[in-house]
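Please keep the sequence and the model in view while reading.

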Amino acid sequence: MRKYSDCPIILRDFLTYHETIKGQSPLTIQEYYLDLRMFLRFIRLMREDMPITTNLDDIDIKSVDIDFVRQITTSEIFDFLAYLSSERPLNPDSQFSDHGVSASTRARKLSAIKSFYKYLTVRTKQLQENPVADLEYPKLRKSLPKYLTMEQSAALLRSVSGQNEVRDYAILMLFLNCGIRRSELVGLNITDVYEDRIRVIGKGNKERFVYFGTPCRKAIDAYMEERKNKVLTDNRALFGSRNGNRISVTAVHRLVEKALKQAGLDSTQFSAHKLRHTAATMMLSGGVDVKTVQEVLGHENLNTTQIYTHIENTELKIAAEANPLSKLDFSDK
């Protein structure tokens with residue numbers, strides 16, 4: 001927790017709890033840290049009547065303690081959400097930046113605040129009242145996740161080329177067959193690969209096994225032959241980068257983007273995460289029940305998986321309309 005030395009003890013304790021007890025991922029801990037640091041800085045800004053031009057990053061919150069947090073009102077939290085909605089620069093480093101973050105970003109920050117107060121009221125009982133317990137999340141625009149069609153997926157796989165062709169092909173096959181997250185792929189070790197499945201460590205350090213078919217197995221086997229000749233700084237890693245380290249999330253993003261462009265697909269519309277959506281959609285299209293897809297994807301809640309059933313229903317409707325018989329009219333018979 002040394003890297004969080006600029007935050008108060010009460011916040012460091014919260015982060016430590018979620019890291020060591022709840023087993024949250026480093027990315028989640030980092031987001032909690034940044035969101036709650038911004039929240040506490042804003043409260044100090046407003047409460048101490050600092051100039052409105054004050055940069056939030058310049059506000060020291062090390063002295064914030066439980067008494068400070070206890071005095072935060074629901075009204076002040078509303079002020080923070082209003083600030084995010086209309087005043088927060090999208091690019092704080094630019095004087096010409098647009099203002100107002102998205103509803104999804106506001107919802108994430110509110111979620112961090114809710115978790116913080118739940119920790120203080122329920123887990124450690126340092127507070128008796130929770131000012132955000134009944135606070136509603138910003139309304140999010142519902143949209144179906146984007147995904148590749150079968151033809152686009154095939155084009156993507158055919159497009160793979162270059163110095164790391166064998167590695168990149170295996171990575172894309174894992175995304176499209178297993179629907180794993182980028183962070184899960186980056187964390188794969190050689191020992192996580194079995195004859196017909198991989199062992200994945202998902203969110204909250206939860207372990208699951210994901211099976212794959214013969215084409216994916218062949219892609220992995222081809223890469224494993226190449227991997228034998230590579231020595232990495234972390235030699236447990238399944239996938240390495242050209243500099244000899246475990247492959248990074250950024251590197252995975254770049255290789256997917258490169259393959260998309262080579263396949264003639266819009267890399268601004270698709271990503272590694274969209275390949276996960278594609279895998280889920282293909283599973284449902286192939287007749288896999290939604291509960292099984294939930295287990296494959298590692299979703300904690302079934303509701304998260306059920307959005308793909310809407311895609312499947314749409315595809316079934318399109319298939320029905322494409323049937324030549326649907327164009328015949330027997331109403332006069």
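S153 lies in helix 6. This is a predicted model. S153 has a relative accessible area of 7%. The cut-off for buried is under 20%, so S153 is buried. Leaving out residues up to four places away in sequence, S153 touches L148, L176, T278 and M282.

Y147 sits in the loop between helix 5 (103-123) and helix 6. Its relative accessibility is 23%, so Y147 counts as partly exposed. In sequence, Y147 and H273 are 126 residues apart. In space, their C-alpha atoms are 9.2 Å apart.

**The chain overall**

The chain holds 13 helices and two strands. Of its 333 residues, 41% are buried. Among contacts with a separation of 6 or more, 57% join residues 24 or more positions apart. The chain exposes about 19,300 Å². Carbon and sulfur atoms supply 50% of that area.

**Nonpolar cores**

The largest nonpolar core has 44 residues. Which members touch the most others? They are L174, F175, I180, I198, F239 and V256. Several elements give two or more residues to this core, including helix 6 (150-159), helix 7 (165-178), helix 8 (182-186) and strand 1 (197-201). Helix 9 (214-227), helix 10 (249-262), helix 11 (272-285) and helix 12 (290-297) also give two or more. Helix 7 supplies the largest share, eight residues.

Take L174 as one of the core members named above. Not counting residues up to four places away in sequence, L174 touches G179, I180, L185, L188, I198, C216, I220 and F239. Of these contacts, I180, I198 and F239 are also among the residues that touch the most other core members.

**Aromatic pairs**

The count of aromatic pairs comes to eleven. Two of the pairs are set out here.

| Pair | Centre to centre | Angle between planes | Geometry |
|---|---|---|---|
| F14 and Y32 | 5.4 Å | 65 degrees | edge-to-face |
| F42 and F80 | 5.5 Å | 55 degrees | tilted |

Why is the F14 and Y32 pair edge-to-face? Its planes stand at 65 degrees, and planes over 60 degrees apart count as edge-to-face, so the pair falls in that class. This pair links distant parts of the chain. F14 is in helix 1 (residues 9-21), Y32 is in helix 2 (residues 26-47), and the two are 18 residues apart. Both F14 and Y32 are buried.

The pair of F42 and F80 also links distant parts of the chain. F42 belongs to helix 2 and F80 to helix 4 (residues 74-86), 38 residues apart. Are F42 and F80 buried or exposed? F42 is buried, and so is F80.

F14 and Y32 also belong to one aromatic cluster.

**A surface patch**

Which residues make the nonpolar surface patch? Y194, F209 and Y211 do, and the patch covers about 310 Å². Y211 lies in strand 2 (residues 207-211). Its relative accessibility is 51%, so Y211 counts as exposed.

Methods
Residues are numbered from 1 along each chain as its sequence is written. This is a predicted model: local features need pLDDT of at least 70, side-chain atom pairs count only at pLDDT 80 or more; totals for chains, interfaces and linings use all residues. Side-chain values use heavy atoms; hydrogens and water are left out. Patches are made of residues with over 30% relative accessible area and no salt bridge: like charges are joined within 9 Å, nonpolar side chains (Val, Leu, Ile, Met, Phe, Trp, Tyr) within 5 Å. Accessible areas come from the Shrake-Rupley method with a 1.4 Å probe; for residues, only the protein chains shown count as cover. A salt bridge is a side-chain nitrogen of Lys or Arg within 4 Å of a carboxyl oxygen of Asp or Glu. Helices (H or I, at least four residues) and strands (E, at least two) are DSSP runs, numbered from the N terminus. Buried means under 20% relative accessible area, exposed over 50%, partly exposed in between (1.4 Å probe, protein chains only). A nonpolar core is a set of buried Ala, Val, Leu, Ile, Met, Phe, Trp, Tyr and Cys residues joined through side-chain atoms within 4.5 Å. Contact means heavy atoms within 4.5 Å. Rings of Phe, Tyr and Trp (its six-membered ring) pair if their centres lie within 6.5 Å; planes under 30 degrees apart count as stacked, over 60 as edge-to-face and the rest as tilted.
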